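Let's take a walk through a protein model together. Keep the picture open while you read.

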Amino acid sequence: MMYACIDIPIPHHTGECNITPLSDLHLDSLACDHKALNRLIAERAALPNSHFISMGDLVCAILPTDKRYRHGVQRLPDVGDVIQAEVNEQFRRFKDLSWLGFLSGNHESTVAIKHYQHPTKMLAQKFTDAGLKGAYLGYSAYLVLRLTQVVAGNRKLTRGTVRFLLHHGAWCGAGDAGFLGAMRWAAGYDNWDVLLYGHNHQTAVRQQDIVHYSERGVPRTRTRYICACGTFMNNTAPQETTWLEQKGHAPVRIGAPLITIAASATGPRVSVQLS
């Protein structure tokens, strides 16, 4: 598992930040809803202190030489190095956004095995080379976000810390949006506030209240959130049966969660809503 700790500056002691995890965009699929994606990115980028996390599978990256390739399902660049061309297009499209990091999905991982090119690492490196933030976070990561404020004397104070568990996902289950599999994995890790995962193209948010007892027997409750981060790939299309429908995939909600973290005197307040 990768680990990262990132400071997010806030203007005052009750400042906030907004985080959008984008999962399973599949930008090179004909089923990708680019209009909905562009609209959501514009809305979220306009929020104060806005940041994004890529949860993996930015593209399908299934090349014609791959047995999984199906004509008429993907929109691939008409160039020699398809993977590099897709990475260049992702960088062009997303370079003006603030990224906390990039997770690899199962599609990028398969490309790395089959074609010896890792699209997620390549994209993160382009951000680094351009002097932009956006680290490679592997397939899973433990991400610590600290809300920091600069005060008199140029001192930096931490106004709140929120801990994220990130995993591209390895759990299907349309009925529970992969919740049971995600929680089985997360059970092995302590001290997290928000669990983000993707892969199954479901969008869902669950709230879980955890009670701790002090040595004096005083109960204290904290809330953590479990988020299936959605997709921008339509499973259905007018007047046709899509390949995803043929495989038995039900219609899914297009969108992504929005996580707002606000500093306060009693610690950070986290809230999650769906688009």
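Two strands pair if DSSP finds at least two bridges between them; strands (E, at least two residues) and helices (H or I, at least four) are DSSP runs, numbered from the N terminus. You're looking at a predicted model, where local features need pLDDT of at least 70 and side-chain atom pairs count only at pLDDT 80 or more, while totals for chains, interfaces and linings use all residues. Residues are numbered from 1 along each chain as its sequence is written, and side-chain values use heavy atoms, leaving out hydrogens and water.

Start with the sheet: six strands make an open, mixed one, in the order E5-E4-E3-E2-E11-E12. At its edges sit E5 (135–136) and E12 (269–274), each pairing on one side only. E5 runs parallel to E4 (residues 99–102), and two bridges join them.

Finally, hop to serine 23, in the loop between strand E2 (16–22) and helix H1 (34–45). Is serine 23 buried or exposed? Serine 23 counts as buried because its relative accessibility is 1%. Among the residues that serine 23 touches are Met55, His199 and Phe232.

Terms used. Buried means under 20% relative accessible area, exposed over 50%, partly exposed in between (1.4 Å probe, protein chains only). Contact means heavy atoms within 4.5 Å. Lists of a residue's contacts leave out its neighbours within four places in sequence.
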